[in-house]
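Keep the structure open beside you as you read.

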2 protein chains.
Amino acid sequence: MPDKSRVEVCFSPEEFDLYKQEYTTVVAIDVLRATSAICTAFENGAAKMIPVSSVKEAQAFKDEGYLVGAERNGKIVDGFDFGNSPYSYMGDLVKGKTLVLTTTNGTKAINRAAKTHEVLVGSLLNLQSVIDYLSQSPTDVLLLASGWQGKFNLEDSICAGAIAEALLETGNYMSDEDSTIASLFLYRQATDNYFSFLKASSHRRRLRNLNLNEDIKYCLTPNQTRVIPVYRDGALVKMEGWV
Amino acid sequence: MPDKSRVEVCFSPEEFDLYKQEYTTVVAIDVLRATSAICTAFENGAAKMIPVSSVKEAQAFKDEGYLVGAERNGKIVDGFDFGNSPYSYMGDLVKGKTLVLTTTNGTKAINRAAKTHEVLVGSLLNLQSVIDYLSQSPTDVLLLASGWQGKFNLEDSICAGAIAEALLETGNYMSDEDSTIASLFLYRQATDNYFSFLKASSHRRRLRNLNLNEDIKYCLTPNQTRVIPVYRDGALVKMEGWV
């Protein structure tokens, strides 16, 4: 019997260093809203997305003429083309373009993991596609929730729990960490209605206060795209040969 | 209407800095087994316990003639009087004594919080007593899980969820963090049978492998004591005037 691959959940980029040693692949997850926006951009034909960690780096790209999204604390940073609303990344605007993005949590998680690991971008939007890919190509995979300013958040952990559950069901994966067990429990509680389950979540309340309910509904509706963004040579691109 | 006090859960000492600003009191929780051992020692008449973070500090106390417990990775460190099994802290051995303790996770959490906050020691053993005390004296309280080597663990989060649920039910507390919501969910799943719920937990498996099933059963049996250890001037003592 071949050894099983390992799938675990890390609740926050702050804890990434405690987990990272044993994995080859990281799935970065920021359901509300960075990784949902990234999946949406590629579904709408974006060529490339460069995730940057600071507004200063984003400004440098903007000065060179790039289309740049910049979000902090749920809002578009003044002077940039868009924030991290998925609705900004639809239609002809992004088609064929190289975009640049910086967000409060998600792009930091991606950049942190990309230094040392193969990075895929996951969200509820491409949930089944990520599950299918990792089911077909088992590897030791860490599901990295972006959290909120370093803290645990519910929606990312539930998305991670959904991926972990499906991979464990294949029989080709095992898990060992309590964070993974907790994610599975939370996912099973939430599975019938993410939107209702998350009504109490702090991030959802934060975004609702910003009149972002449409964004939230969209981001919590699974399986709207098959694209899997992957990090290659400093930028995210659509995974080749995968639909 | 007076403002409500706040109760939240922090999953690990690694995240403490992200949470600590807004609280006056921290309840340090290390169910398996440091805070359970500490509660047991005071129930059995210990006068004082000095929590130290390193084996080196513990050795210095040992050299001065103190009774010293030292545990790393579930085992007694060679040359010390005991580890963190609660059964070592029962009976006449500890009565009236000043003990010294260093453990993998729990004493670190206590010392980290004690620099800036009032620190109480919580476990399932003194669960209802901690709830009663915080119900009678509402304060902004952070329930600090010790975790396992910096990572999330189930048993501490469930104990924290039990405390949070009871405090929220008083109507004098509110909570806001997703980590607290998750702890409440996990606690409600576990509430009828901690032992069964935790059978999958990584820490429990770790200890079972060390033949510590009796310790686990004891630590997971709520409300065996009313003592609340508190940190005062460099050492834990039994809270005065509270039974």
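## A loop residue with positive phi

A:Asp233 sits in the loop that runs between strand E10 (229-232) and strand E11 (235-238) of chain A. Please keep in mind that this is a predicted model. The phi angle of A:Asp233 is near 50°, a positive value in a residue other than glycine. Most residues other than glycine have a negative phi. Is A:Asp233 buried or exposed? A:Asp233 is exposed, because 6 other C-beta atoms lie within 10 Å, and a residue with 12 or fewer counts as exposed.

B:Asn223 is not a glycine, yet its phi is positive, at about 65°. You will find B:Asn223 in the loop between helix H10 (213-219) and strand E10 (229-232) of chain B. B:Asn223 has 12 other C-beta atoms within 10 Å, so B:Asn223 is exposed.

## Cis peptide bonds

Next, look at the peptide bond from A:Leu32 to A:Arg33, which is cis, with omega near 5°. In general, most peptide bonds are trans. A:Arg33 belongs to the loop between E2 and helix H2 (34-43) of chain A.

In chain B, the peptide bond from B:Leu32 to B:Arg33 is cis, with omega near 10°. B:Arg33 is in the loop between strand E2 (25-29) and helix H2 (34-43) of chain B.

## A lysine between two strands

A:Lys97 is part of the loop between strand E5 (75-76) and strand E6 (98-102) of chain A. A:Lys97 has 16 C-beta neighbours inside 10 Å, so this residue counts as partly exposed.

Which residues does A:Lys97 touch, not counting those up to four places away in sequence? They are A:Ala46, A:Ala47 and A:Leu67. A:Ala46 is 51 residues from A:Lys97 along the chain, and their C-alpha atoms are separated by 5.2 Å.

## Inside the core

The largest nonpolar core has 152 residues. The members that touch the most others are A:Leu143, A:Leu144, A:Ile163, B:Leu143, B:Leu144 and B:Ile163. Leaving aside neighbours within four places in sequence, the contacts of A:Leu144 include A:Val26, A:Val27, A:Ala28 and A:Ile29. Also in contact with A:Leu144 are A:Cys10, A:Pro13, A:Phe16, A:Ala109 and A:Ala113.

Helix H5 (residues 127-136) of chain A has buried residues too: A:Leu127, A:Ser129, A:Val130, A:Ile131, A:Tyr133 and A:Leu134. Among the elements that cover the buried residues of H5(A) are strand E2 (25-29), strand E7 (118-122), strand E8 (141-145) and helix H6 (154-169) of chain A.

## Where the chains meet

How many residues does each chain bring to the contact? There are 21 residues from chain B and 21 residues from chain A. On the side of chain B that touches chain A, helix H7 (residues 178-190) of chain B gives the largest share, seven residues. By class, this side of chain B has nine nonpolar, six polar and six charged residues.

Of the interface residues of chain B, 100% are also interface residues in chain A, so the copies meet through the same surface.

Methods:
Residues are numbered from 1 along each chain as its sequence is written. Chains are lettered from A and ligands numbered from 1 in the order in which they are written. This is a predicted model: local features need pLDDT of at least 70, side-chain atom pairs count only at pLDDT 80 or more; totals for chains, interfaces and linings use all residues. Two residues are in contact if their C-beta atoms, placed from the backbone, lie within 7 Å. Helices (H or I, at least four residues) and strands (E, at least two) are DSSP runs, numbered from the N terminus. Ala, Val, Leu, Ile, Met, Phe, Trp, Tyr, Cys and Pro count as nonpolar, Asp, Glu, Lys and Arg as charged, and the others, Gly among them, as polar. A nonpolar core is a set of buried Ala, Val, Leu, Ile, Met, Phe, Trp, Tyr and Cys residues joined through C-beta atoms within 7 Å. A residue is buried if 20 or more other C-beta atoms lie within 10 Å of its own, exposed if 12 or fewer, and partly exposed in between; C-beta atoms are placed from the backbone.
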